[in-house]
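User: I would like to go through this structure with you. Could we start with the overall picture and then move to details?

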Amino acid sequence: RGSSSGKVVQTTFELPPVKPDEVLVKVTHSGLCGSDIHMLSQPLVLGHEGKSTSMRIGIVEEVGSACSLFNVGDRVGWGLLNSTCGHCAFCLTGKDAYCPEGRNYGTVDFDTQGSLCSHAVRKEQWIFHVPDSMTSEDAGPLMCGGGTVWVPLIGHCKPYERVGIVAIGGLGHLAIQFAAKMGCDVVVFSSTEDKREEAMNLGASEFYPTRGVSDYATLGVTKPIDRLLITSSVKFNLGIFYPILAKNAKIFPLSVDSGDLTAPYFLTVFCGHEIIGSCICSRYLQDKMLDFAARNGIHAIVEKFPMTREGIQAAVDKLGSRKMRYRGVIGWDY
């Protein structure tokens with residue numbers, strides 16, 4: 001759990017009985033996300049990139065009487081949301097991730113929503129089948145990070161468009177792979193040359209280091225960028241990218257942070273640019289993302305940590321210091 005001191009603490013408690021629409025799961029692995037860092041001072045069970053199978057030796061032990069989508073032995077995963085109402089305009093139009101009544105990690109159900117634990121009780125509504133060909137190390141980070149980059153890519157990017165990815169980290173290294181496998185022309189921007197070879201191996205066609213560059217028109221970008229995914233948590237004036245954007249470009253800030261988003265007013269209007277916030281996947285798109293990732297060999301680059309208090313604290317410290325490369329995965333068998 002998180003604590004008022006901001007340190008990870010270990011606790012023991014009893015989970016509530018499984019309701020008819022819930023499943024009891026035994027956690028095997030969990031990804032660690034930047035959102036978890038924001039929750040460290042809250043007394044909740046940390047983690048929301050679960051990959052698990054329900055109770056006893058990795059198989060389902062208990063499924064609620066009203067459940068129809070999952071069976072004993074199914075391998076499942078989950079992300080930020082645990083339930084949505086199912087009847088609002090967002091739920092009825094496939095945008096259930098924005099349901100006003102959604103029960104999100106970090107806001108309610110502090111005992112049952114985390115994945116850095118031995119067991120969890122989850123609503124059947126928001127858990128997902130993990131493809132048999134997908135490893136546990138890939139499944140955890142894809143539940144949140146994969147879904148985060150998948151939504152703007154699948155919703156707004158065509159195979160013939162040039163897609164810029166800002167930063168190669170927990171989100172960026174997944175975005176490069178998804179965009180490349182979709183057939184997009186992938187252009188990566190990173191602060192230094194250090195990650196050039198890695199970016200190209202992940203599927204980028206161009207790479208530009210930006211540290212110390214005040215005018216991006218001098219970067220030598222070969223053609224304008226149609227879509228820009230900002231996966232860095234470092235805030236900057238979006239206008240720095242405007243000289244290399246195509247008209248009517250779409251910009252997607254994807255990291256979670258506080259503060260203000262800054263962009264030039266006139267050029268945004270004159271060029272017809274769109275700045276679009278993007279949340280996690282809907283249930284439909286989450287299933288499609290997992291299937292796409294499994295079929296196209298999309299893999300998370302991970303560092304592994306044991307599911308102990310010390311192991312979790314070490315992972316939290318490394319992620320908080322921005323030294324994680326690129327997703328932390330915590331497991332009981334490490």
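This is a predicted model: local features need pLDDT of at least 70, side-chain atom pairs count only at pLDDT 80 or more; totals for chains, interfaces and linings use all residues.

User: What does the secondary structure come to?
Analyst: The protein has eight helices and 16 strands. Its radius of gyration is 20 Å, close to the 20 Å that the globule rule gives for 334 residues, so the protein is as compact as a globular protein of that length.

User: And what does the C-alpha trace span along its principal axes?
Analyst: The span is about 60 × 45 × 35 Å.

User: What share of the residues counts as buried?
Analyst: Of the 334 residues, 52% count as buried. The accessible surface comes to about 15,000 Å², and carbon and sulfur atoms contribute 54% of that surface.

User: How much of the contact set comes from residues 24 or more positions apart?
Analyst: Taking contacts with a separation of 6 or more, 70% are between residues 24 or more positions apart.

User: How far apart are the mean positions of the positive and negative charges?
Analyst: They are 3 Å apart, for 32 positive and 34 negative charges.

User: Changing topic to the open sheet: what is its strand order?
Analyst: The six strands are arranged as E11-E10-E9-E12-E13-E14, with parallel pairing. At the edges are strand E11 (206-209) and strand E14 (274-275), each of which pairs on one side only.

User: How many bridges join E13 to E14?
Analyst: Two bridges join strand E13, residues 245-253, to E14, and these strands run parallel. Ile251 stands opposite Ile275 of E14.

User: What about E12 and E13, how many bridges there?
Analyst: Strand E12 (residues 225-230) pairs with E13 over five bridges, in the parallel sense. Leu229 has Phe252 in E13 as its bridge partner.

User: Now E10, please. How many of its residues are buried?
Analyst: Five of the six residues of strand E10 (residues 185-190) are buried, so this strand is largely enclosed by the rest of the structure. Strand E9, residues 162-166, is joined to E10 by five bridges, and the two run parallel.

User: Let us turn to helices. Why is H4 described as largely enclosed?
Analyst: Eight of the ten residues of helix H4 (residues 172-181) are buried, so the helix is largely enclosed by the rest of the structure.

User: Which residues of H4 are the buried ones?
Analyst: They are Gly172, His173, Leu174, Ala175, Ile176, Gln177, Phe178 and Ala179. After H4 comes Gly183, which has a positive phi near 95°.

User: Next, Gln286. Where is it, and is it buried or exposed?
Analyst: Gln286 is found in helix H7, residues 283-296. With 4% relative accessibility, Gln286 counts as buried, because the cut-off for buried is under 20%.

User: Which residues does Gln286 touch?
Analyst: Leaving aside residues up to four places away in sequence, Gln286 touches Phe128, Leu142, Met143, Gly147 and Cys281.

User: How far is Glu61 from Cys88?
Analyst: Glu61 and Cys88 are 27 residues apart in sequence, and their C-alpha atoms are 33 Å apart in space.

Methods: Residues are numbered from 1 along each chain as its sequence is written. Side-chain values use heavy atoms; hydrogens and water are left out. Helices (H or I, at least four residues) and strands (E, at least two) are DSSP runs, numbered from the N terminus. The radius of gyration is taken over C-alpha atoms; the globule rule is 2.2 Å times the number of residues to the power 0.38. Buried means under 20% relative accessible area, exposed over 50%, partly exposed in between (1.4 Å probe, protein chains only). Contact means heavy atoms within 4.5 Å. Accessible areas come from the Shrake-Rupley method with a 1.4 Å probe; for residues, only the protein chains shown count as cover. Lys and Arg count as positive and Asp and Glu as negative; His and the chain ends are not counted. The place of a charge is taken as NZ of Lys, CZ of Arg, CG of Asp or CD of Glu. Two strands pair if DSSP finds at least two bridges between them.
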